[in-house]
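Student: I have a model open and want to learn how to read it. Can we go feature by feature?

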Amino acid sequence: MSPSKYSISLAPTFPPSSNAPKVFSSVDPNMRPTIVDGEFSLPLPANLDLPPDYSRPWTKEKYIAIAGAFFIGSIFYEIGSLAEMSLWGEDELAIIFGGVGIAIGWYGAGGGAVMQAEKESTNRTGGYDAKLIADRPARLQTILDDFSEIEGIGMRKSEDRDISKALEYVDLVHGSEYVNLLKKKCSETNIPTRLNPLYARTLIDKNSYNAAIDAVQDWLDGVDAAMDESSRPLFALSRPPGHHACRSKGMGGCLLNNAAIAAFYALNQSGVERVAILDIDAHHGNGIAHCIQDEPKICYCSIHEGKHGSNKPFVEQKVTEDDPRSQESNDTGPIGNLCNINLKAGTGWESGYSNV
């Protein structure tokens with residue numbers, strides 16, 4: 001199909017900040033994209049502080065540096081304790097020696113590099129760290145910039161519209177208990193906070209629920225366009241993402257599972273007998289797999305990468321009742337409608353994805 005037949009549905013959904021891992025306000029009405037001389041402009045939200053209880057991730061390097069600090073510090077403490085002469089007395093001298101030893105042990109075991117790495121992660125522009133998922137509007141702008149180089153692509157932005165279909169199918173896939181909990185938690189916070197203390201990387205703010213519903217509606221609009229032969233197919237360029245959101249648990253920066261919701265919506269359209277979902281991402285779409293695992297009319301294929309140059313999962317997933325699907329190739333789901341294709345970490349489009 002020629003590029004001229006495509007258009008873009010851009011939701012006013014921004015769960016990012018301009019300097020990750022600091023967070024932002026996700027979908028303030030004043031942040032809707034604007035059109036200037038036929039081009040989209042995405043306003044960047046002001047950075048907000050991290051959650052009050054946020055702490056830097058515990059890495060292997062940090063454990064080694066701490067162990068080195070304690071080991072050398074204890075040796076220096078004993079040296080101080082054994083000293084026969086001191087202006088401050090034996091105990092004070094031991095404490096001073098111990099403190100010096102801790103500093104030497106910390107930096108000698110790589111603590112300085114750990115501190116520098118954490119400082120750099122604070123200043124980077126988007127992505128992840130081990131405890132926080134930070135998104136940013138520039139991700140959308142980058143895609144828009146690429147599309148602007150393709151002649152004939154039309155763009156439209158999502159205005160205020162009827163979201164009743166989105167609400168109906170969100171309840172169908174996720175259940176009212178989780179959806180109401182998400183809505184309640186978002187309405188109660190004025191600063192970025194954790195959706196669930198047990199899944200600390202996924203943050204929400206007061207606008208996150210509306211942003212997620214808006215994103216779902218864009219996907220449903222895309223289904224409508226695909227079913228209408230007189231309409232141009234839509235590419236829903238929306239945030240927040242969704243493929244990690246399980247039936248009753250938001251995670252991985254995802255709150256509602258856009259793809260799964262759109263698939264169930266498509267099944268209820270006239271003439272649709274089956275739906276296939278193709279998910280191309282470095283990470284496995286565990287949430288999509290969970291949401292559709294019991295629906296024989298929907299098939300799901302996830303193409304994802306491993307870590308450290310292998311086919312092993314990026315994340316060692318703990319399969320649980322509320323997140324039961326793994327990214328292993330032998331996990332086809334309870335009714336066999338799932339397909340996982342594992343590529344080596346760092347696989348590019350030409351070197352692997354395009355051939356799968």
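**Reading the model**

Tutor: Start with I298: at 0% relative accessibility, I298 counts as buried. Buried means under 20% relative accessible area, exposed means over 50%, and partly exposed lies in between, with a 1.4 Å probe and protein chains only. This is a predicted model, so local features need pLDDT of at least 70, side-chain atom pairs count only at pLDDT 80 or more, and totals for chains, interfaces and linings use all residues. Residues are numbered from 1 along each chain as its sequence is written, and side-chain values use heavy atoms, with hydrogens and water left out.

Student: Where does I298 lie, and what does I298 touch?

Tutor: I298 lies in strand β11. Helices (H or I, at least four residues) and strands (E, at least two) are DSSP runs, numbered from the N terminus. Contact means heavy atoms within 4.5 Å. Leaving out residues up to four places away in sequence, I298 touches A263, F264, L267, V275, I277, I292 and N337. Take L267: its C-alpha atom is 8.4 Å from that of I298, and the two residues are 31 apart along the chain.

Student: How many helices and strands are there in the protein chain?

Tutor: The protein chain has nine helices and twelve strands. Buried residues make up 44% of its 356 residues. Now look at contacts with a separation of 6 or more: residues 24 or more positions apart account for 67% of them.

Student: Which residues of α8 are buried?

Tutor: The list is N258, A259, A260, I261, A262, A263, F264, Y265, A266 and L267. That is ten of the ten residues of α8, so this helix is largely enclosed by the rest of the structure. The buried residues of α8 pack against α5, α7, β10 (275-280), α9 (286-292) and β11 (298-305).

Student: How do I read an aromatic pair?

Tutor: Rings of Phe, Tyr and Trp (its six-membered ring) pair if their centres lie within 6.5 Å; planes under 30 degrees apart count as stacked, over 60 as edge-to-face and the rest as tilted. By this rule there is one aromatic pair. The rings of Y169 and Y265 have centres 5.1 Å apart and planes at 85 degrees, so the pair is edge-to-face. Y169 lies in helix α5 (residues 164-174) and Y265 in helix α8 (residues 258-267), so the pair ties together parts 96 residues apart in sequence. Both Y169 and Y265 are buried.

Student: And helix packing?

Tutor: Two packed helices are described by the angle between their axes and the distance between the axes. Axes are lines fitted to C-alpha atoms, for helices over the stretch in contact, and angles run from 0 to 180 degrees between N-to-C directions. α5 and helix α7 (residues 208-227) pack at an angle of about 100 degrees, with their axes 9 Å apart. That makes α5 roughly perpendicular to α7. Angles under 35 degrees count as roughly parallel, over 145 as roughly antiparallel, 65 to 115 as roughly perpendicular and the rest as oblique.

Student: Which residues of α5 and α7 meet?

Tutor: K165, A166, L167 and V170 in α5 meet Y209, I213, V216, Q217, L220 and D224 in α7. By class, this contact of α5 with α7 has seven nonpolar, one polar and two charged residues. Here Ala, Val, Leu, Ile, Met, Phe, Trp, Tyr, Cys and Pro count as nonpolar, Asp, Glu, Lys and Arg as charged, and the others, Gly among them, as polar.

Student: At what angle do α5 and α6 cross?

Tutor: The axes of α5 and helix α6 (residues 176-187) cross at roughly 120 degrees and come within 7 Å. V170, D171 and H174 in α5 meet S176, Y178 and V179 in α6. The residues of this contact of α5 with α6 are three nonpolar, two polar and one charged.

Student: How many disulfides does a search of the whole structure find?

Tutor: A disulfide is a covalent bond between the sulfur atoms of two cysteines. The test is a pair of cysteine sulfur atoms within 2.5 Å. The search finds zero disulfides. Take C291: its sulfur is 6.6 Å from the closest cysteine sulfur, in C246, too far for a bond. C291 is buried, with a relative accessible area of 6%. C186 also counts as buried, at 1% relative accessibility.
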